[in-house]
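I opened this model to look up its aromatic contacts, its helices and its surface. My entries follow in the order I made them.

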Amino acid sequence: MYEGSDVTAQISTEPAKSQRRLGDRVFKALTTGAGSLIMLVLAGVLVFLVVQGIPAVTGPRSSILRGDSIPGYIWPLAFGTLLAAVLAMLIAM
């Protein structure tokens, strides 16, 4: 403070909780709810995929198409996905 100044209170740039506008509170509630709903849906998708994928991992080798192993079956699919991603990145440059 400056010498001889009568100002004793400091100005706060943050509004008090009671001074927050209604729109701010509604927006915060809606975004929090939407984020929570998205996380819940993603957790449900994870559970669904794990439950549906267990038979593929624990099943006999004869149940896989062409009798290959899981990596042999998945490799062409993963390679195609990676190739498409690389091509998309090259096109985007």
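Entry 1, aromatic rings. I counted rings of Phe, Tyr and Trp (its six-membered ring) as a pair if their centres lie within 6.5 Å. I called planes under 30 degrees apart stacked, planes over 60 edge-to-face, and the rest tilted. The model is a predicted one. By this rule I count one aromatic pair.

I find both Trp75 and Phe79 in helix 2, which covers residues 70–92. The two are four residues apart, about one turn of the helix. An α-helix has 3.6 residues a turn, so residues three or four places apart point the same way. I then looked up exposure. Trp75 is exposed, at a relative accessible area of 53%, and Phe79 is partly exposed, at 43%.

I note two helices and zero strands in the chain. Helix 2 is 23 residues long and spans 33 Å from its first C-alpha to its last. That is close to the 33 Å expected at 1.5 Å a residue. I also find a kink of about 25° in helix 2, and the kink is centred on Pro76.

Which residues make the nonpolar surface patch of about 800 Å²? I list Trp75, Phe79, Leu83, Val86, Leu87, Leu90 and Met93. I checked Leu90 separately: Leu90 lies in helix 2 and is exposed, with a relative accessible area of 54%.

Side chains of opposite charge can pair when their charged atoms come close. I took a side-chain nitrogen of Lys or Arg within 4 Å of a carboxyl oxygen of Asp or Glu as the cut-off. The count comes to one salt bridge. The salt bridge joins the side chains of Asp24 and Arg21, at 3.6 Å from N to O. Is Arg21 buried or exposed? Arg21 is exposed, at 59% relative accessibility, while Asp24 is partly exposed, at 39%.

I recorded 93 residues, of which buried residues make up 1%. The accessible surface comes to about 8800 Å². Carbon and sulfur atoms account for 70% of that surface.

Terms used. Residues numbered from 1 in each chain as written. Predicted model: local features only at pLDDT ≥ 70, side-chain atom pairs only at ≥ 80, totals over all residues. Heavy atoms only, no water. Buried < 20%, exposed > 50% of the residue type's maximum accessible area, 1.4 Å probe, protein only. Areas by Shrake-Rupley, 256 points an atom, 1.4 Å probe, with all protein chains shown as cover. Expected span 1.5 Å × (residues − 1). Bend = angle between axes of the 7 residues up to and from the residue. Patch = residues over 30% accessible without salt bridge, like charges linked within 9 Å, V, L, I, M, F, W, Y side chains within 5 Å.
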